[in-house]
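Student: I would like to go through this structure with you. Could we begin with the charged pairs and then turn to the ligand?

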Amino acid sequence: MFKRAIVRIPGSNFADGLTTVDLGVPKLEEVLQQHALYCDALRECGLELTVLEADLRHADSTFVEDTAVLTPEAAIFCRPGAASREGEVVAIRPAVERFYSSTFTIEAPGTVDGGDICEAGTHFFIGLSHRTNEEGASQLATCLNALGYTASTIDVRGMTTILHLKSGISYIEDNTLVVMEEMASNPQFSRFELVRVSVEESYGANCVRVNDHVLLAEGFPRLTADLEARGFKPLTLKMSEFQKMDGGLSCLSLRF
Ligand code: CIR
């Protein structure tokens, strides 16, 4: 069960952030509206939110998930792989430290983006991506092992369609992984129930279990129906403006 989440309001320069997709320029009014509805959904799921002010120094700073990995025992501050995002960690630190007395920090030359880290019970999958390098993965695994978790890496550097590991897989509790079709045959997933996501619906693979609900992007009817059929309670959200900046649903919050 999660009790809290940290989010950050998108800044007026949101459209200046990094992106690899060609889906058009995000419309600020819609960005803010979609973000507000996202926050409402988290509250509906029972979370108490810490809502941080927009940070105009960092256009991507609404994607707070990339700045830290939170476990019940400790917070591990990341070191983002994109230079323009480095300062986001310093900026979020006080908000996280209000709730955590035990913290670790990924150090140079290691890089880790939180979007590459998928918690699956007592095991963590760490994506090796263009943002998370081997040194960062190794430092993170050492921290997680010290906290009693196991960890393994999944190399997504050859996949052009995803930015982070969690753009392609999500753990939604009940031993169940939602996974993009292209990744479903990975032997590391064999002990899980798999909800396979077709290529046409692959953006939907980035979803989040928050207490009784599974939050996922609107517009993926097959995935939504599949989750329902398996007894999950999907709650769909408009994500179009975040998708334009390579953002998935999970990256808009730090949940703990
Ligand atoms: C970036 O490229 O870093 C941002 N525009 C999007 C980050 C999305 N993060 C995530 O999915 N965890």
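Student: Are Arg131 and Asp113 buried or exposed?

Tutor: Both Arg131 and Asp113 are buried, where buried means under 20% relative accessible area, exposed over 50%, and partly exposed in between (1.4 Å probe, protein chains only). Please note that this is a predicted model: local features need pLDDT of at least 70, side-chain atom pairs count only at pLDDT 80 or more, and totals for chains, interfaces and linings use all residues. Residues are numbered from 1 along each chain as its sequence is written, and side-chain values use heavy atoms, with hydrogens and water left out.

Student: What do the side chains of Arg131 and Asp113 form?

Tutor: They meet in a salt bridge, at 3.2 Å from N to O; the term denotes a side-chain nitrogen of Lys or Arg within 4 Å of a carboxyl oxygen of Asp or Glu. Distant parts of the chain are linked by this pair, 18 residues apart: Arg131 is in the loop between β7 (123-128) and α3 (134-146), and Asp113 in the loop between β5 (103-105) and β6 (117-120). Helices (H or I, at least four residues) and strands (E, at least two) are DSSP runs, numbered from the N terminus.

Student: How many salt bridges are there by this rule?

Tutor: The count comes to 18. One of the pairs is Arg157 with Glu134, at 3.3 Å from N to O. Arg157 lies in the loop between β8 and β9 (169-171) and Glu134 in helix α3, so this pair ties together parts that are 23 residues apart in sequence. Arg157 is partly exposed, with a relative accessible area of 32%.

Student: Now the ligand. Which residues are closest to it?

Tutor: Of the 15 residues that surround the ligand, the closest are Leu18, Asp60, Arg85, Arg131 and Met245; a residue qualifies if one of its heavy atoms lies within 4 Å.

Student: Which atoms of Leu18 and Arg131 lie by the ligand?

Tutor: For Leu18, a backbone N or O atom lies 2.7 Å from a ligand nitrogen atom. For Arg131, a polar side-chain atom lies 2.8 Å from a ligand oxygen atom. The protein buries 98% of the 350 Å² that the ligand exposes when taken alone; accessible areas come from the Shrake-Rupley method with a 1.4 Å probe, and for residues only the protein chains shown count as cover.

How values were computed. A polar contact is a pair of N or O atoms within 3.5 Å; within protein, one must be able to donate a hydrogen and the other to accept it, and residues adjacent in sequence count only if both atoms are side-chain atoms.
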